[in-house]
Amino acid sequence: MDIDVALRDSIARVCGVPAEQVNPNSTLEELGIDSLAAAEIITDVEIRTGIELPMDVLRGLGQLRTVAEITAQLRAGGGQAPLQSQP
Amino acid sequence: MTNPGRLAALGTSPAAIMHHYDLPEDFFRLWLGPDMVYSCGWWRDADLPDTLAQAQDRKIDFFAGRLGVQGRRVLDVGCGWGALLDRFARVHGAASGVGLTLSPGQAGFAARRNVAEVSYLLQNWTGHEPSVPYDAITCIEATEHFASDRLTPDEKVEVYRAFFDRAASWLRPGGRMGLQLICLDNVGHGGSRAGRGPFTDLISNDIFPDSMSASLSELVLGWETHFELDEFLDHSRHYQRTFRAWTLAYRESEALARSLVGPDRCRTYARYFAAGEAFFRLREQSLYRVILTKRPQPKVWAVPMRPSDIPGAAEPGGESAGASASAVGSHYDVSNSFYQLWLGPSMMYSSAMWADTADRGDLEQALHRKIDFFATRLLTGGGSPRVLDVGCGWGGTLRRLAQEHQVTDAVGLTLSGAQLDYLTRHPVPGADFRLEDWNDHRPDGSYDAIFSFGAFEHFARDGTSGPQRVAGYRRFFRSCMEWLAPGGRLALETIAHDGAPDTDAPLGRGPLGDFVLSLYPESLCPHLGEIVLGFEPYFELEVLRSDPGDFARTCRAWLTALRGHEHEAATVVGEQVVRAFLRYLASSEIQFRTRIVTNYRLVLHRRPDVRV
């Protein structure tokens, strides 16, 4: 699954908003995403895509402001071996 | 405490170093062997053939492997006669190295090894200022010389903090440290000073003047700000064998030794080898091998702990220092059928243990591996052991012990009425479950083993400072010591703050901290130094593992199961609660993976007497 789509769907799920309302320029503040919700979104993206994000990507997410920035960071981080097989 | 001159003055003086290490090389070679490695070896099992030289190579190879020295730049603090960097470079492909020693004889010998790109300096660590960062640092049995025997425990901690501050500043991001530590164990700081007996007089006056071993807690307080724990090995028994090997080699050539250093000193050394072997056999001292990784950010402390700040532990029976029964119940009493949906058939609510990242076993198998791991280390006496489980949950641990480890006499304590109700409906043969705080527990007889998984997080309240938490933990450990038969063991597993800052609230508060506190009211996880300070008066440490990856995987397995039963769960506890648990499990997984928190596993062996 494409990581943009996965991220959008994850944000929609965790924030309880329709996926169409999540666009790349949305800020995390607008979406009400705090560090806690961000952690939940990341886990959800991993479950959807089957990738495992490396630790420095996880640790760097706190500094990001918009959905587009997160997408860029996820792309840069790439996929690692899955943490565990898909359910 | 940053002045190098003042720091150096707190350690063993150069004159005292020379007193020991600058005897003739030929004298040391008689018993150390040709490669001149003066530290604990790594021996194979007692029934396998082995030599001192092989044991020393194996030790060096362990550090080379764990530190990944190939193509790397390494600092060795307290390099002795230079064997470690020599082997790192020639056998393991280290690119360059620097060794520090205070002994002119050692520095000269090491230089004559002529190892390309390795230099040995006659320099104190306090004055070391590298121009290029290192990838790894080793420090093999050198910390005993960092703080002289004149210092108090508080002052020792300051020195070790200064050392690990420096070490972190010399390392590149993500760099590692390999330590081999001789620590005070059954005999504490005061009892190890000269004047306490013939052994301590021999060591303090004749062998290592002006030196003092650390207690493990002092070193953990030293490293915890800048380093996370990767691996910890109690290898005290390896030092018994090393001293015995030195004794045997020495006896072969005692006449030569006498001619080199004179009859008095020759005799003193024979006694020193015997004393050393006895020290480690009695665990008056212990030998630990430790691998650390530099944290991405230094850990921040609300209260930089000093050993003298810890208040005396309150008498048993006083008010609990931990979370109240109603607070604990609020989490675990949510609904048994809700937890059954995602915890799985064994109903164990603590971390599983996978063999390694390639292990594809399911959660249930991995949970059983965890119980079996501890059971094989605790239930060593045979017969029918009597077991206590503090924080027994839904009985998963005692059920496994009854089924697989012949435990037929057990007591389980819980503060959750729902858990007790479940246990009444699903009894475990031979197990007596009680709705009781450990603080109120009065056993009928002694136990052979105590298990406590995932309960320690409730033993200190939010709003407490580090020293207050340690006082509470000491009360728990002292109670366990009193409940255990001589030689008994305690298995402990707890979530702990790793990179997270020290505050009086979980994870330094913020959204996640508030959330954790809402799910686990009145609870607060410990830091490693607090755990060690807690048990140190009462228990020897046999196993210490930091396994955040196991708990991350466990959270993922629970999360996957709960997502699979999301609607069913909502009909049992409502959507709000399901949402909260989904968020809690997902965020917990990330906290473990980024090492904001970790999962420590300990096996502790009851001391013969409380350490003073």
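Me: How many residues of helix α20 (residues 528-535) of chain B are buried?
Reply: This is a predicted model: local features need pLDDT of at least 70, side-chain atom pairs count only at pLDDT 80 or more, and totals for chains, interfaces and linings use all residues. Residues are numbered from 1 along each chain as its sequence is written, chains are lettered from A and ligands numbered from 1 in the order written, and side-chain values use heavy atoms, without hydrogens and water. Buried means under 20% relative accessible area, exposed over 50%, partly exposed in between (1.4 Å probe, protein chains only). Helices (H or I, at least four residues) and strands (E, at least two) are DSSP runs, numbered from the N terminus, and for α20(B) the buried count is 8 of its 8 residues.

Me: Which strands are among what covers the buried residues of α20(B)?
Reply: Contact means heavy atoms within 4.5 Å. The cover includes the helices α9 (216-223) and α18 (466-483) of chain B. It also includes the chain B strands β7 (227-234), β13 (484-497), β14 (539-546) and β15 (597-606).

Me: Why is strand β9 (residues 386-390) of chain B largely enclosed by the rest of the structure?
Reply: Look at both faces. Arg386(B), Leu388(B) and Val390(B) are buried on one side, Val387(B) and Asp389(B) on the other. β9(B) is largely enclosed because its buried residues number 5 of the 5.

Me: Which residue of β12(B) is the bridge partner of Leu388(B)?
Reply: β9(B) also pairs with strand β12 (residues 447-453) of chain B, in the parallel sense, over 3 bridges. There, Leu388(B) has as its partner Ile450(B).

Me: How many disulfides are there over all chains?
Reply: A disulfide is a pair of cysteine sulfur atoms within 2.5 Å. Take Cys525(B): its closest cysteine sulfur, in Cys555(B), is 12 Å away, too far for a bond. Over all chains, the count is 0.

Me: Which side chain does a polar contact of 2.8 Å join to that of Thr225(B)?
Reply: Thr225(B) is found in the loop between α9 and β7 of chain B, and is buried at 13% relative accessible area. A polar contact is a pair of N or O atoms within 3.5 Å; within protein, one must be able to donate a hydrogen and the other to accept it, and residues adjacent in sequence count only if both atoms are side-chain atoms. At 2.8 Å, the partner side chain is that of Trp301(B).

Methods. Pairing = 2+ DSSP bridges.
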